[in-house]
Number of protein chains: 4
Amino acid sequence: MDKIKVGLIGAGGYGGCGAIELLQNHPHAEITALIDTQEVGKPVSDLYPHLTGFCDLPLTDPADPDCPRDFHVVFFATPDGVGQKEAGSWLEKGVKVIDYSGDFRFNDPETYQGYAKRIGRSAGHASPELLPRSVYGLPELHREAIQHTDLVGNPGCFAVACNLGLAPAVRSGLIDPGSIICDAKTGVSGGGKTPAPGFHYPARYDSMNAYKISGHQHVYEIERQLSLLAGEDIRITFTPHVVPLCRGILVTSYAPLNDGQNIKTVEEAYRDFYAGDTFVRVFGPDKPQASVNVRGSNFCNISINIDDRTGRLIVVSLIDNLVKGQAGSAVQNMNIMFGLDETEGLLHPGMYP
Amino acid sequence: MDKIKVGLIGAGGYGGCGAIELLQNHPHAEITALIDTQEVGKPVSDLYPHLTGFCDLPLTDPADPDCPRDFHVVFFATPDGVGQKEAGSWLEKGVKVIDYSGDFRFNDPETYQGYAKRIGRSAGHASPELLPRSVYGLPELHREAIQHTDLVGNPGCFAVACNLGLAPAVRSGLIDPGSIICDAKTGVSGGGKTPAPGFHYPARYDSMNAYKISGHQHVYEIERQLSLLAGEDIRITFTPHVVPLCRGILVTSYAPLNDGQNIKTVEEAYRDFYAGDTFVRVFGPDKPQASVNVRGSNFCNISINIDDRTGRLIVVSLIDNLVKGQAGSAVQNMNIMFGLDETEGLLHPGMYP
Amino acid sequence: MDKIKVGLIGAGGYGGCGAIELLQNHPHAEITALIDTQEVGKPVSDLYPHLTGFCDLPLTDPADPDCPRDFHVVFFATPDGVGQKEAGSWLEKGVKVIDYSGDFRFNDPETYQGYAKRIGRSAGHASPELLPRSVYGLPELHREAIQHTDLVGNPGCFAVACNLGLAPAVRSGLIDPGSIICDAKTGVSGGGKTPAPGFHYPARYDSMNAYKISGHQHVYEIERQLSLLAGEDIRITFTPHVVPLCRGILVTSYAPLNDGQNIKTVEEAYRDFYAGDTFVRVFGPDKPQASVNVRGSNFCNISINIDDRTGRLIVVSLIDNLVKGQAGSAVQNMNIMFGLDETEGLLHPGMYP
Amino acid sequence: MDKIKVGLIGAGGYGGCGAIELLQNHPHAEITALIDTQEVGKPVSDLYPHLTGFCDLPLTDPADPDCPRDFHVVFFATPDGVGQKEAGSWLEKGVKVIDYSGDFRFNDPETYQGYAKRIGRSAGHASPELLPRSVYGLPELHREAIQHTDLVGNPGCFAVACNLGLAPAVRSGLIDPGSIICDAKTGVSGGGKTPAPGFHYPARYDSMNAYKISGHQHVYEIERQLSLLAGEDIRITFTPHVVPLCRGILVTSYAPLNDGQNIKTVEEAYRDFYAGDTFVRVFGPDKPQASVNVRGSNFCNISINIDDRTGRLIVVSLIDNLVKGQAGSAVQNMNIMFGLDETEGLLHPGMYP
């Protein structure tokens with residue numbers, strides 16, 4: 001089989017860098033163009049010197065008439081608002097699309113609207129007609145639909161950890177879905193490559209904080225996915241925090257356990273749910289997990305616990321925000337969309353320490 | 001007035017170091033002996049070279065007959081189990097006692113027992129007769145009792161942040177006290193000075209984890225203090241996490257808001273509650289707080305938020321675990337016990353960045 | 001005595017913050033205005049929340065007619081080029097001036113020119129007539145002159161560590177001054193408060209690099225001071241590196257030892273040289289020093305070593321770049337200029353860990 | 001071809017972990033046993049959970065009669081003193097040996113003796129008869145000899161960076177080899193997996209220090225390799241420092257440039273010298289390098305600079321201490337010893353950020 005030709009749009013950010021790291025080593029795919037509107041003309045290895053000799057393609061302006069266009073798939077590693085304007089023209093040409101932003105994480109304009117409002121986009125979706133055909137790119141929940149679509153909305157990093165951590169409990173009715181709290185902690189790389197006061201080393205190295213309390217936009221896709229699993233509308237409390245590390249999301253989810261449930265039934269339900277999922281590992285209370293266990297890899301580790309004194313389920317779910325939370329999920333989705341084994345190019349343990 | 005003579009027992013650990021930093025600068029107190037069973041004979045400035053010229057007292061073995069004993073107060077900066085054995089003999093001599101451990105945080109043997117079991121102490125309390133006279137050393141809750149006692153149980157670091165974060169809400173009936181969740185994040189210095197695999201730099205610099213899920217011993221003193229405030233028995237869910245920074249505790253507390261409460265009534269209740277407390281600062285949702293805002297100081301910053309979508313109060317409380325969470329509270333308690341202004345020696349902003 | 005009224009120009013940066021931390025606690029000085037052209041009108045405690053309650057003065061635009069002007073001294077915590085334009089008008093009014101930048105570190109326009117060229121300033125000095133009256137603000141070398149001037153050029157952070165590390169050796173002829181190499185390592189706070197790609201947490205937390213190799217501007221003031229001490233023109237090799245910590249400069253200086261010198265003669269010479277200097281501590285090879293030993297304090301620790309195999313002196317000098325390397329030196333200079341004990345407000349051990 | 005069977009002795013440390021990460025992905029080699037005297041019986045993925053599913057082999061006691069022995073090669077990822085006792089018996093059975101320690105970095109007992117004394121081993125080498133047959137495992141200097149030996153002494157991490165940084169200059173007579181200074185900075189992982197006071201997170205996160213000043217044992221193998229290249233006895237000054245990051249060594253080497261040399265001749269000499277070396281990248285002064293550029297990879301980046309003012313060559317050489325400085329070099333050596341392309345299993349860019 002010929003290699004899948006990948007066009008990477010928004011290649012200069014961390015999301016682009018992550019995709020390059022994974023795809024330069026993929027047996028059945030190759031990056032054929034790096035597209036960006038900044039740093040145009042520079043080899044990407046000037047921006048990310050560790051790529052020297054592995055990927056030295058230059059960044060090409062999308063408006064450049066010589067910009068390559070013969071891709072099998074494009075990755076939009078771009079902020080909200082870019083993919084929704086451009087995806088259509090690629091799809092028309094038969095090119096599959098995977099978008100990192102929230103542009104295609106919702107299937108109808110109304111649902112998208114709540115999310116859009118939260119991130120300060122007042123205008124409606126630029127391509128509402130594409131929404132019904134888009135699929136939420138979390139293979140553990142939507143593998144089959146991903147297989148049959150050509151348009152995937154890659155999930156938000158926090159949402160990956162929250163959804164994977166809670167899906168079995170919600171699906172199997174282990175908990176009261178009306179009282180879920182997700183307390184999320186993320187490393188700084190989740191904020192991207194652009195310097196900002198809160199990510200300045202001296203301001204961050206010995207500081208942590210909650211932010212967007214009760215107002216983070218990822219709550220919409222978490223609620224949507226959990227609602228689909230529950231068969232009813234669910235609202236959750238979601239609080240993100242930034243802590244001074246680079247890679248990693250740890251979400252501690254709390255919910256009242258339903259009668260008759262215990263650590264055994266819960267662990268069994270989780271193991272059943274993820275039985276066919278290479279990239280999810282389930283652990284009981286005896287094996288607490290640290291974020292470094294998934295650092296640099298596409299795995300999500302889930303640790304199941306019960307607070308007997310209050311009857312609550314406490315699930316700790318951990319991912320690398322830049323891999324399973326972003327580029328790794330994108331490659332996993334690409335594998336599925338092209339009928340490959342979904343683990344191609346992704347079976348790495350990461351790096352320790 | 002003559003200076004208060006302080007004997008510091010367990011001087012070689014971080015808790016001792018913190019007390020020395022504060023007391024070497026205290027206008028009305030002075031350390032007259034450093035007592036420890038390790039590194040005996042060494043000047044403390046060999047262990048903590050930044051103290052060179054500020055405090056060069058040697059560590060003295062408590063069994064040494066020349067060990068000074070003419071103190072006005074002793075600080076037990078020791079682990080659980082030490083103070084309960086030795087406090088009595090100091091009290092008999094008219095020396096006041098402030099104990100950092102859990103030995104004197106509970107007023108009766110039964111309550112202590114739950115705590116003791118959790119930390120793996122099967123034997124009963126060594127001096128049960130002292131418990132009724134001990135006071136829980138959180139001045140914002142027990143200032144008057146501290147003033148009149150000679151035996152203070154300095155609170156646990158997590159407990160300081162949880163209790164201060166929730167006290168006004170529980171006291172004023174703003175929330176349903178039966179559904180409280182405290183999600184706590186601590187810096188690594190909370191684990192003390194002794195090297196351990198989980199605090200080894202390479203293992204920790206890019207990793208975070210929950211630990212003792214549903215099993216941390218501080219939950220007992222949090223529940224006890226909140227129960228006293230509520231006038232009813234309260235059980236909470238408390239989950240501690242370690243994140244890779246040195247100083248700081250951030251606790252995110254969640255509870256369902258009672259009918260009729262809103263951000264205005266809540267903020268007012270908090271401001272009222274802490275009106276006379278120099279070391280507690282209350283902030284509304286417009287001024288989110290980071291742990292670095294209290295780093296190196298004796299302050300507790302509290303940020304009040306409401307999740308309108310789910311009707312939950314979300315309180316973020318922040319302290320420096322080594323100051324307000326330990327040595328700072330001890331000095332504050334000492335000030336009160338000796339009739340000084342409770343802020344003496346503690347009015348420092350900390351250091352930034 | 002009335003308190004010294006300090007006007008702090010460029011108050012919003014780390015250099016301003018450091019001065020506020022020190023001066024809010026100074027027994028004989030007080031900040032009476034914070035002047036800056038950015039964030040005008042905001043209380044400084046909005047920028048640096050740890051200052052809340054300690055200093056809540058607003059930032060005032062220097063062009064504002066209501067901007068206070070009745071100071072005894074102004075600190076220019078500003079970049080190169082600001083102080084040289086404005087110092088004159090303050091001096092005329094009898095206000096003393098301490099400038100953080102390189103504007104007044106050289107006594108004649110020619111010497112300044114080399115420095116100016118290196119930092120990309122092609123224009124000459126704006127107030128050449130002031131240069132002869134300025135004094136290089138390193139009290140350990142120029143205490144008496146500082147006492148008698150009203151214009152001090154506060155030294156560069158690297159230069160403090162290099163000059164203090166080498167002064168005794170050069171002055172006493174212990175080494176060949178023609179072969180000096182200074183290998184400097186600095187924490188990230190030396191780069192200031194403004195976010196930049198190289199100081200972005202994810203880019204920096206696990207990375208170190210040399211920069212401005214053979215081209216850093218501080219080399220000029222190091223060479224000038226060492227030349228004055230040697231009585232001959234000295235050129236050195238100076239290489240700065242950034243490493244991922246916040247506060248601290250460690251300089252490792254190398255030079256061939258002259259005949260007849262050994263660790264004993266060297267240590268003696270160093271102890272003699274710094275006999276009257278509270279803020280310099282000299283250590284022999286048996287007491288290696290870490291940067292944390294001076295973190296948060298105004299001390300410079302110097303560790304003396306000899307490589308017997310190659311006959312080289314190896315001096316490790318350590319400072320906190322934001323204290324002895326900046327605001328601390330400024331306050332020390334102020335104390336001297338006003339006839340106070342030079343240690344006023346500066347005798348703190350810093351904070352550990 | 002059948003896969004090379006690798007026995008990994010001392011598998012539980014960072015050196016073992018690094019070898020597992022590389023070999024689990026090697027197309028022509030496989031680990032068939034993990035041997036250690038600690039944590040015996042545990043799957044290595046209990047010690048290093050990120051390896052779960054990639055390598056779950058248990059640690060086997062070498063004294064266990066069931067411990068596998070049918071290897072093609074053994075890696076001694078053990079401290080000094082282990083390999084020299086056991087290598088002989090493996091070699092006799094036709095098993096090749098790669099030793100991480102200093103046991104086989106010198107070819108005769110006398111040269112070894114200097115090194116041994118430095119690390120506090122008073123006894124002589126346990127197998128002096130093996131020394132002449134051992135090869136110093138730096139392929140860029142000894143590729144051919146490595147190809148023909150069955151016993152490789154893997155180089156010390158600092159020595160890799162120093163030797164690669166200076167080899168072309170010494171070999172081509174660009175510098176005065178009598179005045180070389182190597183100022184080395186290492187991340188904390190170089191200290192290994194065992195917790196120690198200096199590597200405890202709170203003690204390390206904001207601190208740096210020089211150590212073993214003029215006394216680090218790696219100086220012997222650096223001097224030996226440079227002496228071989230120069231054809232004369234060379235002594236250098238070598239000062240190691242620990243800085244608070246995890247992975248990376250940066251060595252800044254200084255030496256007086258010989259007459260007639262300039263940046264052009266030097267850069268050319270370096271490019272020529274490393275023309276056939278995949279894992280060495282040479283950069284001019286316009287492309288300064290950071291340690292993160294080689295983090296997680298087997299590359300050594302070398303940056304060439306000249307200080308025109310003093311006529312010194314300044315070379316900055318950077319490696320990942322755990323890859324090119326340890327496990328990566330070992331695998332590279334294995335590849336060469338078995339006639340494979342030396343890059344097999346090693347062509348990864350590492351991970352960023």
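This is a predicted model: local features need pLDDT of at least 70, side-chain atom pairs count only at pLDDT 80 or more; totals for chains, interfaces and linings use all residues.

Let us begin with chains A and B, where 42 residues of chain B are in contact with 42 residues of chain A.

We come next to chains A and D. Here 22 residues of chain A are in contact with 22 residues of chain D. Helix α1 of chain A, residues 14-23, gives the largest share of the side of chain A that touches chain D, namely three residues. That side of chain A divides into eleven nonpolar, eight polar and three charged residues.

How are these two copies related? A rotation of 180 degrees, with 0.0 Å of shift along its axis, superposes chain A on chain D with an RMSD of 0.0 Å. The two copies are thus related as by a two-fold rotation axis. Moreover, 100% of the interface residues of chain A are also interface residues in chain D, so the copies meet through the same surface.

Finally, I turn to helix α8 of chain B, residues 218-230. Its 13 residues reach 18 Å from first C-alpha to last, close to the 18 Å expected. Ten of the 13 are buried, among them B:H218, B:Y220 and B:L229. The buried residues of α8(B) pack against α4, β6, α5, α6, β8 and β10 of chain B. Just after α8(B), B:G231 adopts a positive phi of about 75 degrees.

Key. Residues are numbered from 1 along each chain as its sequence is written. Chains are lettered from A and ligands numbered from 1 in the order in which they are written. Copies are superposed by least squares on the C-alpha atoms of residues with pLDDT of at least 70 in both. Two residues are in contact if their C-beta atoms, placed from the backbone, lie within 7 Å. Helices (H or I, at least four residues) and strands (E, at least two) are DSSP runs, numbered from the N terminus. Ala, Val, Leu, Ile, Met, Phe, Trp, Tyr, Cys and Pro count as nonpolar, Asp, Glu, Lys and Arg as charged, and the others, Gly among them, as polar. The expected span of a helix is 1.5 Å times one less than its number of residues. A residue is buried if 20 or more other C-beta atoms lie within 10 Å of its own, exposed if 12 or fewer, and partly exposed in between; C-beta atoms are placed from the backbone.
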